[in-house]
Amino acid sequence: MRDEIRDIYELVRNKFYLGDETFEVGERRYEPVSLFGIITCILNGRELIFGEYGSGKTTSSERISSLMKGLPLEFVQASTIHGHPEQTEEKMKATLDLGILEKEGKEVVRWKVSVFSPVLIIDEINRLPMGKQNMILNEIDRNIWSYRGETIVFKEDKTFFATVNYQDLGTTRMIPPLLDRFDIAIEIGRVHPIRKRVIRRGIRDEVLRDRKMTKEIIEYLKERNETKNVNDILNFIKEKSEEFKDKLEDKLKKEGFNVEIPRDDDLKRMVKEIENVDVSEDAELFLDYLGQEVYCQLGLKKDFSKCDGCHYANFICSDLYAISNRAEISTFKYARALAWIEEEDLSLEHIVAVLPYVLWHRSEINYKKISEIRDFEKDSCDELYAVKDMIASVKRRWEEHRDYQIEAYRCIMEGDYRRLKEIARNLNHPFFKSLVRV
């Protein structure tokens, strides 16, 4: 199954999204839009895609979703939610059947196509006003959809993509709870001039299209889009998805691409294998260390104004506001998936590579850190570059303290608290202090 995924990655990178390989894992390089898009579809994760308007954010997520989920491209596009100030629950989730309401006085909820789609793209999510961003928190977090007293609790999760334009006159700030619900965030980056030539001539995606099947699925949904018919609708979409995958493989073969699209059972087996990827001791030790260094030592509620002159000002706590529990879970999920694709155990390399993409969108960064790196030449935005720099600094400190960390854990197991307190006092680092805190 790994070979199938690597083949799909090559297909996406060479045909559907022609970006540069800017994501580094040790000495290996990947194109991040293609790689993380595929991983997000396998895991049923949640991914933000940042970039300028017209840079390919929406089209890349549509094509990857169509390919990985086995859905006609038109259906993926039809289920997309568009962010704008006038967006409402009725346009995003459901409406009442006005005919039945007028004739019988009964409220019958009619759900939108997007509710049932295995993959949902929210286009320009930061054009939703802050108040309206709250309307989709539960849906994105748990895939639980509620409207007018009716609720659909889906047994299986779905994949979420959301595109984000950099700040302009029409955008608003995304609320922190919504940002924290997205596992990972990537950027649409620069494109090699030769690849630009291909893009200028237009990337052909006809192979992903099937208007007839899309019409069939949507008509079926519109006839049965009540809560009581959820299971029938989901089964119908699965059947059509498997049928489309067969067609898609044949079409791609005619174009010279011999790939196998993973079936639903294949995706479930992949997830189980990813969950069982062994984790190296160094990966665990580093996350333990980082998770304590990010805490403010002067109080539970962090305030960057306290950092000036603080004894711990050289640690990550003075640059990064927090690492949430969701962020740690996201790190493990995506790093494990990356290790699985590479047929390796989850190593420190994987953690360090994935962490910046998990953190930069969901945690406030001290403006002083941003000002330090603003004028550096880089192939990412200031925030992502800053987090990469922070993680590299923490890694250097951790390498100096690794042996002491192992010894400290051994002291806990053996009950040698005198030696543990001595280590904590000598190193005076938040991680070691946390071990002796009463």
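Student: Which residues does Val279 touch, not counting residues up to four places away in sequence?

Tutor: This is a predicted model, in which local features need pLDDT of at least 70 and side-chain atom pairs count only at pLDDT 80 or more, while totals for chains, interfaces and linings use all residues. Residues are numbered from 1 along each chain as its sequence is written, and side-chain values use heavy atoms, with hydrogens and water left out. Val279 is found in the loop between H14 and helix H15 (281-293), where helices are DSSP runs of H or I with at least four residues and strands are runs of E with at least two, numbered from the N terminus. Taking contact as heavy atoms within 4.5 Å, the residues that Val279 touches are Glu284, Phe332, Arg336 and Leu346.

Student: Is Val279 buried, partly exposed or exposed?

Tutor: Buried means under 20% relative accessible area, exposed means over 50%, and partly exposed lies in between, with a 1.4 Å probe and protein chains only. At 23% relative accessibility, Val279 therefore counts as partly exposed.

Student: How are H14 and H16 oriented to each other?

Tutor: The axes, which are lines fitted to C-alpha atoms over the stretch in contact, have angles that run from 0 to 180 degrees between N-to-C directions. The axes of helix H14 (residues 264-275) and H16 come within 9 Å and cross at roughly 105°. Angles under 35 degrees count as roughly parallel, over 145 as roughly antiparallel, 65 to 115 as roughly perpendicular and the rest as oblique, and H14 and H16 are therefore roughly perpendicular to each other.

Student: And how are H16 and H17 oriented to each other?

Tutor: The axes of helix H16 (residues 325-341) and helix H17 (residues 348-359) come within 9 Å and cross at roughly 135°. H16 and H17 are therefore oblique to each other.

Student: Where is Thr171 found, and which residues does Thr171 touch, not counting residues up to four places away in sequence?

Tutor: Thr171 is found in the loop between strand S10 (159-165) and helix H10 (176-180), and Thr171 is buried, with a relative accessible area of 11%. The residues that Thr171 touches, leaving out those up to four places away in sequence, are Asn126, Arg127, Asn165 and Tyr166.

Student: Which residues is Ile125 in contact with, leaving aside its neighbours within four places in sequence?

Tutor: Ile125 is one of the residues with the most contacts inside the largest nonpolar core, which has 130 residues. Such a core is a set of buried Ala, Val, Leu, Ile, Met, Phe, Trp, Tyr and Cys residues joined through side-chain atoms within 4.5 Å. Beyond those sequence neighbours, Ile125 is in contact with Leu48, Ile136, Ala162, Thr163, Val164, Met174, Leu178 and Phe182.
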